Structure formats: C-alpha cells, structure tokens
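The following exercises concern a single protein model.

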Amino acid sequence: MYQVAFLPEQFGKVVPWLMLHREELDILVHPETGDDVADHTKHSLWLGEKLQLNVEFLRLKTTNVSF
C-alpha cells in the first residue's frame, strides 16, 4: 500500500492514468476537506474493487483534536 498526493487541478490527468495503469491494484481516491471520515467514505472514488475500510481511527483522530 502506498499514498500518492496530487493537486485538484491534476485530477483530470492523474486519475485517468491510474485507471489505465493500475493493473490488479485497488485504488482509493479521495479529497482532503478536513473531514477525514467523509473524505474516505462519502467523497471517495474507487478504482477496482471497493474495499471495506476501518475508519474508526479517523473518528478517534477527529474526536481528539484540540483547538
């Protein structure tokens, strides 16, 4: 597993490239809006099989943020 970050304006080039070259990989594409749970669930795009995610640690991270 690895992470690739790109700017929103690169979406139109990066995601089609990933679609064509992902081979057997399942890829989660998501934005960074500040709501980690929604970004990984509601706002996400899967290339390949949609895998089950355990987002509980993201909920805890959001709960433990101090301002």
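**Exercise 1.** Determine how the lining of the largest pocket divides by class into nonpolar, polar and charged residues, and state which elements supply it.

*Solution.* 
Step 1. In this predicted model, the lining of the largest pocket has 22 nonpolar, 7 polar and 3 charged residues.
Step 2. The lining comprises 32 residues, and those nearest the centre of the pocket are Tyr 2, Gln 3, Leu 28, Val 29 and His 30.
Step 3. At least two lining residues come from each of helix 1 (11-21), strand 1 (27-29), helix 2 (36-40), strand 2 (45-47) and helix 3 (56-63).
Step 4. The space in the largest pocket amounts to about 1200 Å³.

**Exercise 2.** State the order of the elements of the protein from the N terminus on, and give the share of its residues that count as buried.

*Solution.* 
Step 1. The protein contains 3 helices and 2 strands.
Step 2. Read from the N terminus, the order is α-β-α-β-α.
Step 3. Of the 67 residues, 21% count as buried.
Step 4. The C-alpha atoms fill a box of roughly 40 × 25 × 20 Å along the principal axes.

**Exercise 3.** Decide whether Leu 47 is buried or exposed, and list its contacts beyond the neighbours within four places in sequence.

*Solution.* 
Step 1. Leu 47 belongs to strand 2.
Step 2. A residue is termed buried under 20% relative accessible area. Leu 47 has a relative accessibility of 6%, and therefore counts as buried.
Step 3. Apart from neighbours within four places in sequence, Leu 47 is in contact with Val 15, Leu 18, Met 19, Arg 22, Leu 25, Asp 26, Ile 27 and Val 29.
Step 4. Lys 13 is 34 residues from Leu 47 along the chain, and the C-alpha atoms of the two are separated by 15 Å.

**Exercise 4.** Classify Asp 36 as buried or exposed, and do likewise for Glu 23.

*Solution.* 
Step 1. Asp 36 is placed in helix 2. Its relative accessible area is 18%, so Asp 36 is buried.
Step 2. Leaving aside neighbours within four places in sequence, Asp 36 is in contact with Leu 58 and Lys 61.
Step 3. Glu 23 is found in the loop between helix 1 and strand 1. The term exposed applies over 50% relative accessible area; Glu 23, at 73% relative accessibility, therefore counts as exposed.
Step 4. The phi angle of Glu 23 is near 50 degrees, a positive value in a residue other than glycine.

Definitions and conventions. Residues numbered from 1 in each chain as written. Predicted model: local features only at pLDDT ≥ 70, side-chain atom pairs only at ≥ 80, totals over all residues. Heavy atoms only, no water. 1 Å grid on protein atoms, 1.4 Å probe; cavity = no way out; pocket = protein on both sides within 12 Å on 5 of 7 lines; lining within 4 Å. Points joined across faces, edges and corners; volume = space filled by probe spheres on them. Helix = DSSP H or I, 4+ residues; strand = E, 2+ residues; numbered from the N terminus. Nonpolar A, V, L, I, M, F, W, Y, C, P; charged D, E, K, R; others polar. Buried < 20%, exposed > 50% of the residue type's maximum accessible area, 1.4 Å probe, protein only. Contact = heavy atoms within 4.5 Å.
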